[in-house]
Amino acid sequence: MQAALAVLILLQKLGSLLGRFLHLLPILASLEGKKKPLLLGKKKTMDIPRWVFLVFLLDLSCTTCLSSDSSLSSNGSPASPQKLLDFAKSRDFSEWMIGIRRKIHENPELGYEEFETSKLIRSELDKMGIRYKHPLAITGVVGFIGTGKPPFVALRADMDALLLQEMVEWEHKSKVPGKMHACGHDAHVAMLLGAAKILREHQEEIRGTVVLVFQPAEEGGGGAKKMIAAGALENVDAIFGLHVAPHLPASVVTSRPGPLLAGSGFFEAVISGKGGHAAIPHHSIDPILAASNVVVSLQHLISREADPLDSQVVTVAKFQGGGAYNVIPDSVTIGGTFRAFSKESFMHLKQRIEEVVTGQAAVQRCHATVHFFSEEKPFFPPTINDESLHDHFKKVASELLGLPKVNDMQPLMGSEDFSFYQEVIPGYFFFLGVGDDRGDRNGSVHSPYFKINEDGLPYGSALHASLAIRYLLDQQQKFLSVKGERRDEL
């Protein structure tokens, strides 16, 4: 089908060129001072200068080569996602990628502290001969593969770990006490390096430039925002990102167009009263009672104020106050997260959280202050997938994995700082299955029991590479089509 389409496009180009050639003949001949009739039949002939034919042949050669080269690989066949997957699943390649992931897993680093991870990434890019910029946003790395010219498309991986003690007993368990790659960012880095290697090996199929974005501090640090400020998206037209999903089998992907993940923010409130002996509470001002009322009242924001069709969440996950059984403390600290799918709902929720906390504290004769950490932990916008990129994703992923393994999903109240990129350019985010085919339940993300099926890594790297190659090819074909239409009008 693709070969037939390429032939059809080539014939259309030839027809267009022939029409322009016939149209220009009288003009070109007049420039030579040889206005003789064109061969229209047996009676009329025209002596055309040799250089006119030379110009025509040169134009024909360049145009047809450009048209053909934009849709075909160097061996004459269309760029195949399946070919890239076979390359990624080869034994040497997959073992190399798994080794990268395990090195990073053993040495987890928190946001903006990913110095060794960044060093490993740069070392691998050096081995591949891929140029890059560093540092961006302290530890970030941005690599470049292709022509160095437009169009540009970006692939992104986050690098940071979490403050968790790993409870999975295996050979490559975290060697850093209290830190763990419990969200799969080690796998994200390994797959993007894998994609880089695939792209380097198939560089002749890249019709533009692929930008590799290795980003720090996704876990609440807003690393994407700082990468943008540092110029990571310069000249980039679109960006793709993925996240591992331990609840899905390996080789299965899922996503959706439009809203995918919620916007999120954090809050902390200190409620101050007057401490005293638990036996004489009337001599005290009890901040624990006030904080308890605050927690209950915050839930009313969702059940009684939010539109049931406009998903929102307020969760209090932190409650600290007092250290003795018979002492009322001077203060209590509570904290949590709030989420929504629209900016309007999100900002309204933020306003109401502050009003409820301070108001309920005042009812109990306490004083409260609320902090939202907008500098330390920037608010994440909702993750909203571009509609046209969704079509592109489904087409490429179906060719790579088969249509039954490309699923649609419902929106989730989780959040991702990939959304910062989507505020600047069209972006697309999807989930890649890394579950165990044996049916064993892997721990969820942000769990000390989190683990992945490493057999899923080749699928992620091949899909990354295929999405980028095909996107650039489509963009160039659109450009050539528009250019051809404009030339035909002339």
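1. Before anything else, a word on angles: a helix axis here is a line fitted to C-alpha atoms over the stretch in contact, and the angle between two axes runs from 0 to 180 degrees between N-to-C directions. Keep in mind too that this is a predicted model. With that in hand, take helix α4 (residues 91–106) and helix α6 (residues 185–201): their axes are 8 Å apart and the helices pack at an angle of about 145°. The handedness of that crossing is right-handed.

2. Who does the touching between α4 and α6? From α4 it's F93, W96, M97, I100, R101, I104 and H105, and they meet D186, A187, V189, A190, M191, L193, G194, K197 and I198 of α6.

3. Leaving aside residues up to four places away in sequence, F93 touches F87, A88, G194, K197, I198 and S461. Take K197 from that list: F93 and K197 are 104 residues apart in sequence, yet their C-alpha atoms are 9.0 Å apart in space.

4. On the α8 side the contact uses A290, N293, V294, S297, L298, L301, I302 and E305; on the α9 side they meet H348, L349, R352, I353, V356, V357, Q360 and A361. The tally for the contact of α8 with α9 is 10 nonpolar, four polar and two charged residues.

5. Stepping back to the whole protein: there are 12 helices and 16 strands. Of its 490 residues, 49% count as buried. Among contacts with a separation of 6 or more, residues 24 or more positions apart account for 80%.

6. On to the aromatics, where a search of the whole structure finds 15 pairs. One of them is F393 with F430: the ring centres are 4.8 Å apart and the planes sit at 35°, so this pair is tilted. F393 lies in helix α10 (residues 387–401) and F430 in strand β16 (residues 427–435), so the pair ties together parts that are 37 residues apart in sequence. Are the two partners buried or exposed? F393 is buried, at 1% relative accessible area, and F430 is buried as well, at 0%.

7. F372 has a charge to go with it: the charged end of K350 sits over the F372 ring, 4.6 Å from its centre. Another lysine, K377, lies over the face of F266, at 5.6 Å from the ring centre.

8. Now some backbone points that I'd look at by eye. H134 and P135 are joined by a cis peptide bond, with omega about -5°, and P135 is part of strand β1 (residues 131–136). The bond from P150 to P151 is cis too, omega near -5°; P151 falls in the loop between β2 (140–146) and β3 (152–158).

9. Which residues other than glycine have a positive phi? I138 is one of them, with phi near 80°. This residue lies in the loop between β1 and β2, and I138 is partly exposed, at 46% relative accessible area. R365 is another, with phi near 70°. R365 is found in the loop between α9 (343–363) and β13 (367–371). At 58% relative accessible area R365 counts as exposed, because the cut-off for that is over 50%.

Definitions and conventions
Residues are numbered from 1 along each chain as its sequence is written. This is a predicted model: local features need pLDDT of at least 70, side-chain atom pairs count only at pLDDT 80 or more; totals for chains, interfaces and linings use all residues. Side-chain values use heavy atoms; hydrogens and water are left out. Rings of Phe, Tyr and Trp (its six-membered ring) pair if their centres lie within 6.5 Å; planes under 30 degrees apart count as stacked, over 60 as edge-to-face and the rest as tilted. Helices (H or I, at least four residues) and strands (E, at least two) are DSSP runs, numbered from the N terminus. Buried means under 20% relative accessible area, exposed over 50%, partly exposed in between (1.4 Å probe, protein chains only). A charge sits over a ring if NZ of Lys or CZ of Arg is within 6 Å of the ring centre and within 35 degrees of the ring normal. A crossing is left-handed if the near helix is turned anticlockwise from the far one by less than a right angle, and right-handed if clockwise. Contact means heavy atoms within 4.5 Å. Ala, Val, Leu, Ile, Met, Phe, Trp, Tyr, Cys and Pro count as nonpolar, Asp, Glu, Lys and Arg as charged, and the others, Gly among them, as polar.
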